[in-house]
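Here is a friendly walk through one protein chain. Have the sequence and the model at hand as you read.

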Amino acid sequence: MDLTADPCDDFYQYACGGFIAKHASTDPWDSVFNIQLSNDSMNQNIKKMLLGDSYEEELRKARDEFADCIFNRNLTDKVTLSTFNEIMKECTFTMMYMFEWELASAYVKQNPHEESIEAVRNMIDAIKFEFWKIVTNSGWMDDTSLNETFKKVQNLILILGYPPWFLTASRRPSVAVLRQQSPFLIGATYFTYANLIFFPLLTMSPPFYNLGLDVLDYGAIGAIIGHELTHMFVTYDIDANGNRIRIWPSFVIKLYDDKTDCIRVQYLEAFEKFLSFWEGESHKIGKNKKMEENVADFAGLKAAFYAYKQLNGPKRKLVDFENYSTEQLFFVSNAHLMCSRETMEFMKSLILRTNHSPFRYRVNLPMANFDEFARAWGCTLGTKMNPHKKCVVW
Ligand SMILES: [Zn+2]
């Protein structure tokens, strides 16, 4: 947090200023992301397996390599405990990469995480329900587009944590399969043609999930759930069975395009101002940039927020954050997940080459367009985080 910043002026700075300062660096290529921290708890568990004394045959090679990795570092008697821990951590990551299948399958067999998976499944159901309510209430989609989209909602397939075959398969899957379905992946994915959302196990630990309060979970993994659901809602050129067919009439697509153009203008404005020093390149920004990722951030945040508001449990306070309302905690948690120190070079490559926006904008722009944010923080109309002109798709 950076309590000197004004949440109504730059919420990302307010929520993430502390993270940015803590990870200060002058290296232009060294970006640091809070989402990487989900790796750390998994890393601890995998390290225990690599050091453990139960000697499963399939882990033998990984354990031998792990020992080699550590002792090849020319350890001297002057090595400190923190350096040694850092070496162990690095070697664990190397093993997670080299022996991804052996470690992942052994890990999920030992820790099937049934409770978290069930809890996340319930969150997805709640957010899906709320999302559908928002879509039907928005009024700009006709019956055909609503009916066809609803078929996708009904047919949606979820894979949570890891594919079920991880528990039974005896042979190593192909690298391509593992690259898409490993429980060690950091991000969630919507597979368009399969109409399938995959949440790897890594997204079921902090800073995504299991944060101690429902409101924090809804602000973090909840908004990601909403983001992935948005991909299902906006892919109007694929039907519920994965066929490439336009399921919305042209006039509904035109309405959607107009709404996303509003978002495009906001992002371009934000990028132009911030990136003015890239003389000669700024005209490339957003030329062919698809807005789907930004639309997903906008809609996902909203669906998660309203789904949280439907929960009837007691609203507990967070230690050290007793003065914050639950609504405020929702937004802090959402920003916290995305806290990062992104270098200019990193942001430049994101903006020019991908459909994703730098995290600062993934936090500030969706919130600035959401009335509930302004209400939660008491931002007066006309401030940066509560502008007069707002963009809304749903
Ligand atoms: Zn996405």
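## Fold and core

Among contacts in the protein chain between residues at least 6 apart in sequence, 75% join residues at least 24 apart; two residues are in contact if their C-beta atoms, placed from the backbone, lie within 7 Å. Please keep in mind that this is a predicted model, where local features need pLDDT of at least 70, side-chain atom pairs count only at pLDDT 80 or more, and totals for chains, interfaces and linings use all residues. Residues are numbered from 1 along each chain as its sequence is written.

The secondary structure comes to 15 helices and 5 strands, taken as DSSP runs (helices H or I, at least four residues; strands E, at least two) numbered from the N terminus. The C-alpha trace spans about 65 × 50 × 50 Å along its principal axes. For 394 residues, a compact globule would have a radius of gyration near 21 Å, and the 22 Å of the protein chain agrees with this; the radius is taken over C-alpha atoms, and the globule rule is 2.2 Å times the number of residues to the power 0.38.

Of the 394 residues, 37% count as buried. A residue is buried if 20 or more other C-beta atoms lie within 10 Å of its own, exposed if 12 or fewer, and partly exposed in between. The largest nonpolar core has 89 residues, such a core being a set of buried Ala, Val, Leu, Ile, Met, Phe, Trp, Tyr and Cys residues joined through C-beta atoms within 7 Å. Helix 9 (residues 214–234) supplies the largest share of this core, 12 residues. Phe11 is among the residues with the most contacts inside the core.

## Two residues and their partners

Tyr236 sits in the loop between helix 9 and helix 10 (250–274). With 19 other C-beta atoms within 10 Å, Tyr236 is partly exposed. Its C-alpha atom is separated by 5.5 Å from that of Ile247, 11 residues apart along the chain. The table leaves aside neighbours within four places in sequence.

| Residue | In contact with (C-beta atoms within 7 Å) |
|---|---|
| Phe11 | Phe331, Ala335, Val363, Asn364, Met367 and Met385 |
| Tyr236 | Arg246, Ile247, Trp248 and Ile253 |

## Two domains

The chain is divided into domain 1 (33–110) and domain 2 (114–377), with bounds from an automatic or database domain assignment. Their contact takes 15 residues from domain 1 and 23 residues from domain 2. On the domain 1 side, helix 5 (100–110) gives the most, with 6 residues.
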